[in-house]
Amino acid sequence: MRCDEVRGLLDDHADGALAAPAAARVDEHLAGCRECSAELEELRRLLALAADLPHEIAPSRDLWPPIAARLGASREAVRGRLGGRWQWRLAAAAALVVVAGSLLIAYSLGRRHADVNLALARQASPVAVPASLGGSDFAVAEAELVEARDQLLAALDDRRDSMSPDTLRVVDDNLRLIDGAIGRISAALDADPLNPRLANRLAGAYRTQIELLQRATALPAEI
Amino acid sequence: MDALASTAAILPGAIMTVETDRDDAVERARAGDLEAFEELYRATVGRVHGLCLRMSRDPRLAEELTQETYILAWRKLSSFRGGSLFSTWLHRIAVNVVLGHFRSAGRRLDVVFGDDLEPAAPVVPAVTGLAFDLERAIAGLPAGARTVFVLHDVEGHTHDEIAELTGVAVGTSKAQLSRARALLRKALSP
């Protein structure tokens, strides 16, 4: 074998991924080629160094409190997964969506009696948030919306066996993306709690997620 | 192979004890016990964060991705059937969370970004010597090469697993690994 052929196989050789006849031919070449042998040794040193890197790296701060804060709101809903049927949870969640959604949208849009309107919730232009609506009002509305969301999640979990893997993958991917957005907007709101644009975006993210869940839980059985 | 699984081949009794304890916590967490889930978090966060940190090379983003991993794991606990180790299941969630972030940011792992390492600070401050140099070089790898190197040579995944996790072809995974190793050897050479 030529050197360039052998070097193209060194990664597989070092990984033990070559078939026996090919490995034997490479070994035969290495026995007579100092340069290729040195290449392999250098590669093996790299792999040994990589294998010795620490697998566990503690974060610089305890991440449990923010995780627990986000999970805490869903605790009761998760306990509720153990019994009952998804239909009644769906009905309860739907009621909560209307109530909490109205509150949150009203807050973010500066109207106490806003219709639950997804288009409005997602509108791009910033809308002033009245200073008279304190942070606790917003927190209550958000918590109720989170509870509604979690009840819908529980309903979705109950239906997972009747949904195709492809559908579930799409739903889960989108839920995760929206979760990420909610997390980032929430963090920004923590730093700037009276920012109306952020409140509006948070309301829109929750509404988008709930709309997705409502559609997913309403899908006909696929299996 | 998952590092925990590979260790289990050496110390099966010890690992089985750990995983049996963890199974109990998993069952309690599935029943909605947040304290049990915290036990699982405490036992696994170093591994999850290490993966997120190396793959993202951004300490703040890594902490965010770590949180997202546990939020998603809690949500998906009902779908964990116990057929695999909890740590393995969680590891896959973490990989998907990180890759999902890359995808949402419009990055494709199979894109070749250039021939040189990007200047980067090491993301793991605790290591010294050659390991420190290697961490810095890994952080400087192009995204696709870095992802495959971390998953294959640090975390122990096979190319088939990487292909399944990332959605790239096995051949692409192999090419990215070869490229990563060549860049790292060049970076570490005197």
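Between chain B and chain A about 4,500 Å² is buried, and carbon and sulfur atoms give 58% of that area. Buried area here is the accessible area (1.4 Å probe) that two parts lose on being put together, summed over both. On the chain B side, R75(B), R181(B) and R185(B) lose the most area to chain A, together 18% of what that side buries. In contact terms (heavy atoms within 4.5 Å), 52 residues of chain B meet 47 residues of chain A.

The model is predicted: local features need pLDDT of at least 70 and side-chain atom pairs pLDDT 80 or more, while totals for chains, interfaces and linings use all residues. Residues are numbered from 1 along each chain as written, chains are lettered from A, and side-chain values use heavy atoms, without hydrogens and water.

Helices are DSSP runs (H or I, at least four residues) numbered from the N terminus. The buried residues (under 20% relative accessible area, 1.4 Å probe, protein chains only) of α4(A) are C36(A), L40(A), L43(A), L46(A), L47(A), L49(A) and A50(A). Elements that cover them include these:

| Chain | Covering helices (residues) |
|---|---|
| A | α1 (3–7), α2 (10–15), α3 (20–32) |
| B | α6 (129–139), α7 (143–154), α9 (170–188) |

A search of the whole structure finds two cavities of 30 Å³ or more. A cavity is a set of points on a 1 Å grid over the protein atoms alone where a 1.4 Å probe fits but cannot get out. The largest cavity holds about 120 Å³. Eleven residues line it (an atom within 4 Å of a point), and the closest to its centre are R176(A), G180(A), R184(A), L65(B) and H101(B).

Methods:
On a 1 Å grid over the protein atoms alone, a cavity is a set of points where a 1.4 Å probe fits but cannot get out, and a pocket is an open set with protein on both sides within 12 Å along at least five of seven lines; lining residues have an atom within 4 Å of a point. Grid points are joined across faces, edges and corners, and a volume is the space filled by probe spheres set on the points. Buried means under 20% relative accessible area, exposed over 50%, partly exposed in between (1.4 Å probe, protein chains only). Helices (H or I, at least four residues) and strands (E, at least two) are DSSP runs, numbered from the N terminus.
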